[in-house]
Every structure is written in structure tokens, then in C-alpha cells.
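Please walk me through this protein model, one part at a time. I would like to know which residues are worth looking at and what surrounds them.

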Amino acid sequence: MKIVIFGPPGSGKGTYASLLKNRLGIPHISSGDLVREEIRKETNLGKEIEKYSDAGELVPNEVIAEILKKRLTQDLSRGFILEGYPRTIEQAKQLDNVAKIDVVINLNVPDRVIVERLSTRVQCKSCGSIYNERTLKPRIVGKCDKCGGELFKRADDQPKVILERLKIYKETSTPVIDYYRMRKLLRDITNDNTDVSPESVTDRIMKLL
Ligand SMILES: [Zn+2]
């Protein structure tokens, strides 16, 4: 099954994707992880990405699309859970050229819940794993369970910045949501409570597949 998990920053999509990976036994593909990996391996694409980020510019669609294409074609028979992509209608159309998506999980989370969750979010400096000081605590405070790396709070996880990111998300995501809804691939799931465990949200997602 080829699944896209879609939702605003802070909706928990990375966490759910990783739980779904364990339950379904198919890979979790995060566009952010793929980009970090290309940079770490110092591939040609990785070097190109670094040029853009060093200059403070957004990485162009075509570059991200190429990285994704490379990765997704390895998993076309098994299926995958794709997270962090597509973000725009252009990317959604590009994705259609690479893989036939079976279902798009659309996470609906109110702004106040996202602000609360993001302001308690911490991330591993080394491997990018996400934790939450309230709902998804690491075993040792400040240390990554997976690699022992140092956990930090992202500078853009502050309420004012979060609300600005959510505004941008709403603008770019609406056409993507409409695109998948029209093709009857969209499954909505609402989570308006910060205290719900990621496991129980994943239970609900499983029922929609
Ligand atoms: Zn780590």
C-alpha cells in the first residue's frame, strides 16, 4: 500500500508514520530524512542542496523530486508511507508520475493544539528523531533513544513563528487537499486533544486504510 501522510507542521505526522511503519511492515519515507541523508553522504544532489541552504534559499522542487524518485522506485512493489511530501500542488502532480498513491491520510489538528505540541517538541541533533517533553518522552532526558544524540528545541518552534508557518501551510495545502479529495483518496482524521497518545491516533489511522 502506498500511503501519504499529510498534515500541518506539528500535527505528529512523523510520529504516526513511524508507528505505521512498524505495524504495516513497509518503509517510512520522510522527505526531510532523505535530504539529510544526501547531504551526509555527500552525493551530487546533496552538494547541490547544500549550495541552496548555504545561500539561505529554498531547495527547488526538481531537486527534491529527483531524490524522492530515486528512493520511491526502490519500494514500489512493497509500498511505503510518505511523509513531508507533497507540500504543494506541483509536487502532488510530480508524485503522480512516480507512484500511484492509494490513500492520503489528512491530519486535522487545531492551531492551539499544534502550538502546545510544538513548543514542547525536541529533536535529535544527530539523527533528526522527534520527541515530545509531554507525550513522547525519551528514556533519558535530553538524549535520543535511537542514537544517544543531544536533543534540542528548534528555533522556529516558538508560538509566533508557529502561527506564521501554519498560515503558510493553509495556503499551500488547500489545493493539495482538494486535489486528493476530488480523486477520492483523502481520509480525514481529527485530533483536537494534546493528551491523546500517538498509539491511539495510529489505531484510528489503521481503521481508515
Ligand atoms: Zn538520534
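Does Arg134 count as buried, partly exposed or exposed? The model shown here is predicted, and in it Arg134 has a relative accessibility of 39%, so it counts as partly exposed. A residue would have to fall under 20% to be called buried, or lie over 50% to be called exposed. To find Arg134, look in the loop between strand 6 and strand 7. Apart from its neighbours within four places in sequence, Arg134 is in contact with Glu116, Thr120, Thr194 and Asp195. With Glu116 there is a polar contact from side chain to side chain, at 2.7 Å. Asp195 is 61 residues away from Arg134 along the chain, yet the C-alpha atoms of the two are separated by 8.4 Å.

Which residues donate atoms to the zinc ion? The protein donors are the SG atoms of Cys124, Cys127, Cys144 and Cys147, and they lie 2.3 to 2.4 Å from the zinc ion. Along the chain these donors follow the spacing C-x2-C-x16-C-x2-C. The angles that the four donor atoms subtend around the zinc ion run from 100 to 114°, and therefore the arrangement is tetrahedral. Cys124 belongs to strand 5 (residues 121-124), whereas Cys144 sits in the loop between strand 6 (130-132) and strand 7 (151-152), so this pair ties together parts that are 20 residues apart in sequence. Cys124 is buried, because its relative accessibility is 2%. Cys144 has a value of 5% and counts as buried too.

Is Lys125 buried or exposed? With a relative accessibility of 53%, Lys125 counts as exposed. Leaving out neighbours within four places in sequence, Lys125 is in contact with Glu150 and Phe152. Lys160, 35 residues from Lys125 in sequence, is 23 Å from it in space, taken from C-alpha to C-alpha.

The next stop is the aromatic rings. A pair of aromatic rings is described by the distance of the centres and the angle of the planes. How many aromatic pairs does the structure hold? There are two. In one of them, the ring centres of Phe6 and Tyr169 are 5.9 Å apart and the planes stand at 40°, so the pair is tilted. This pair links distant parts of the chain, since Phe6 is in strand 1 (residues 2-6) and Tyr169 is in helix 7 (residues 159-182), 163 residues apart. Phe6 is buried, with a relative accessible area of 5%, and Tyr169, at 15% relative accessibility, counts as buried as well. The rings of Tyr179 and Tyr180 have centres 5.4 Å apart and planes at 65°, so that pair is edge-to-face. Both Tyr179 and Tyr180 are buried.

Strand 1 and helix 7 come up again around helix 5. In helix 5 (residues 89-96), the residues Ile89, Gln91, Ala92 and Leu95 are buried. Viewed down the helix axis, the buried residues of helix 5 fall within an arc of 160°, so they line one face of the helix. What do these buried residues pack against? Their partners are strand 1, helix 4 (61-72), strand 3 (80-83) and helix 7. In the loop between strand 3 and helix 5 lies Pro86, which is joined to Tyr85 by a cis peptide bond with omega of about -5°.

Glu42 has a phi near 55°, a positive value in a residue other than glycine. Glu42 is found in the loop between helix 2 (31-40) and helix 3 (44-54), and it is exposed, with a relative accessible area of 55%. Lys184 is not a glycine either, and its phi is positive, at about 60°. Its place is in the loop between helix 7 and strand 8 (186-190), where Lys184 is exposed, with a relative accessible area of 66%.

Conventions: Residues are numbered from 1 along each chain as its sequence is written. This is a predicted model: local features need pLDDT of at least 70, side-chain atom pairs count only at pLDDT 80 or more; totals for chains, interfaces and linings use all residues. Side-chain values use heavy atoms; hydrogens and water are left out. Rings of Phe, Tyr and Trp (its six-membered ring) pair if their centres lie within 6.5 Å; planes under 30 degrees apart count as stacked, over 60 as edge-to-face and the rest as tilted. Helices (H or I, at least four residues) and strands (E, at least two) are DSSP runs, numbered from the N terminus. Buried means under 20% relative accessible area, exposed over 50%, partly exposed in between (1.4 Å probe, protein chains only). Donors are N, O and S atoms within 2.8 Å of the metal (3.2 Å for Na, K and Ca); water is not among the atoms, so sites may look incomplete. Four donors count as tetrahedral if all angles lie between 85 and 135 degrees; four count as square planar and six as octahedral if opposite donors are over 155 degrees apart and all others between 65 and 115; anything else is irregular. The arc is that of the directions from the helix axis to the C-beta atoms. Contact means heavy atoms within 4.5 Å. A polar contact is a pair of N or O atoms within 3.5 Å; within protein, one must be able to donate a hydrogen and the other to accept it, and residues adjacent in sequence count only if both atoms are side-chain atoms.
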